[in-house]
Each structure stands twice: as C-alpha cells, then as structure tokens.
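Welcome! Keep the view open beside you as you go.

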Amino acid sequence: MNQEAIREAIDNLELLNIKLRGSSFQVNEEIEGVIRADMQQQSMLHIEGEVIDDALESSNAQKTANMLQVKITLGTRYILKIDNSLKDKVKKGHVETSSEPTELAKIEATFLLEYLIKGEINDSSIKEFCEFNSVHNCWSFWREHVFSVCQKAHIPVFSIPFFKSTNNK
C-alpha cells in the first residue's frame, strides 16, 4: 500500500454517497442440521473504479465537477467441509466428488461509492485509494447487511472481520 498515493487521493476526494446497487442471498436446504464446525467460509471482493468527467453541476450552472465512482462487489459463502478421512479417500481415488463444493449459503452485495474530485489526482493514487479506502468506506455497510440477512434467515452468522488490505506494497 502506497501511503503517499493514498494521502494524495484523500486530500483531493470527498465522499458523497454509498449506495447499495444489488444484493443476492441463497440458502441450500442442506444447511439444516449441519453444525458450524462442518462449514468452511469463503469470501470474495471485486473493485472497479471510474472517473466520470463533468458528472456534477455546481450551484453555478456553468461549472461542473468530476466524480470518482467505485463499484465494489463483496461476497461470502459457506461450503460443506470435507473431513480429512474423506480427503484421503478422494486423493487415493476411492471416492468421487464433484469439482464444485456443496454450497450451503451465499450472500453478495454490490455497492456504488461516489466521490467528488476536488483537485488533481494521478491514476496510481486513484487505484490505491479504490483498493483500500473505498472498500474501508463501505465495509461497515457490508457487515451490517450480512449480519441482518443471517439473522432473518436463521443461519449461522458469517464472520466479517475488520477490513485489511491484501495489497502489501
């Protein structure tokens, strides 16, 4: 993570909106009776950023401003764990399994974050900002969404830890 690039972006951006743009939830009936210890959680994250020129009109109708839009798709799912004895049998060819694991439950959501661009920002600063700060900005919305859906569906609550950047520059 390039702290200098992120600082440049922070100094020149202002968060305007965080919008939920899509959400899906699926639960497999096979989840009934499966204990939490037999479930494995997997997560996914996809980020797309785009600068929109002249996207906002100011109070002075002759002035426009640029906007950074960041689309973030987050997802998490429970799959059925394969125990060690079954893994050994699969490796030895004694048991056939499908290539896809049994998915017990899945939640996905897409958020659109909009930022006013107040000054000049280079592309690398925007990229660094999108990969860390934008995700951080919507993370609490994601956590609340997941917790709420799990409670309403009466399924084990997914663990949504604090956000940590996977970009280790």
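**Around Asn12**

Asn12 touches Leu116, Ile117, Lys118, Gly119, Glu120 and Ile121, leaving out residues up to four places away in sequence. Asn12 itself belongs to helix H1, which covers residues 3-12. Is Asn12 buried or exposed? Asn12 is buried, because its relative accessible area is 17% and buried means under 20%. Please remember that this is a predicted model.

**The chain as a whole**

- The protein chain contains 3 helices and 4 strands.
- Starting from the N terminus, its elements follow the order α-β-β-β-α-β-α.
- Of the 169 residues in the protein chain, 31% are buried.
- The chain exposes about 10,700 Å², and carbon and sulfur atoms supply 48% of that area.
- If you take the contacts between residues at least 6 apart in sequence, 82% of them join residues at least 24 apart.

**The largest nonpolar core**

- The largest nonpolar core has 32 residues, and the members that touch the most others are Leu13, Leu68, Trp142 and Phe158.
- Which element gives this core its largest share? That element is H3, with 10 residues.
- E3, E4 and H3 each provide at least two residues of the core.

**Aromatic pairs**

- A pair of aromatic rings is described by two things, the distance of the centres and the angle of the planes.
- How many aromatic pairs are counted here? The count is 2 aromatic pairs.
- One of them joins Tyr78 and Phe158, which are stacked, with 4.0 Å from centre to centre and 15° between the planes. This pair counts as stacked because planes under 30 degrees apart fall into that class.
- The Tyr78 and Phe158 pair links distant parts of the chain: Tyr78 sits in strand E3 (residues 64-80), Phe158 sits in the segment after helix H3 (123-153), and they are 80 residues apart.
- Tyr78 counts as buried because its relative accessibility is 0%, and Phe158 counts as buried because its value is 1%.
- Tyr115 and Phe129 also form an aromatic pair, and this one is edge-to-face, with 5.0 Å from centre to centre and 85° between the planes.

- Most residues other than glycine have a negative phi.
- What is the phi of His154? The phi of His154 is near 55°, a positive value in a residue other than glycine.
- His154 lies in the segment after H3.
- Is His154 buried or exposed? His154 counts as exposed because its relative accessibility is 71%, and exposed means over 50%.

How values were computed: Residues are numbered from 1 along each chain as its sequence is written. This is a predicted model: local features need pLDDT of at least 70, side-chain atom pairs count only at pLDDT 80 or more; totals for chains, interfaces and linings use all residues. Side-chain values use heavy atoms; hydrogens and water are left out. Rings of Phe, Tyr and Trp (its six-membered ring) pair if their centres lie within 6.5 Å; planes under 30 degrees apart count as stacked, over 60 as edge-to-face and the rest as tilted. Buried means under 20% relative accessible area, exposed over 50%, partly exposed in between (1.4 Å probe, protein chains only). A nonpolar core is a set of buried Ala, Val, Leu, Ile, Met, Phe, Trp, Tyr and Cys residues joined through side-chain atoms within 4.5 Å. Contact means heavy atoms within 4.5 Å. Accessible areas come from the Shrake-Rupley method with a 1.4 Å probe; for residues, only the protein chains shown count as cover.
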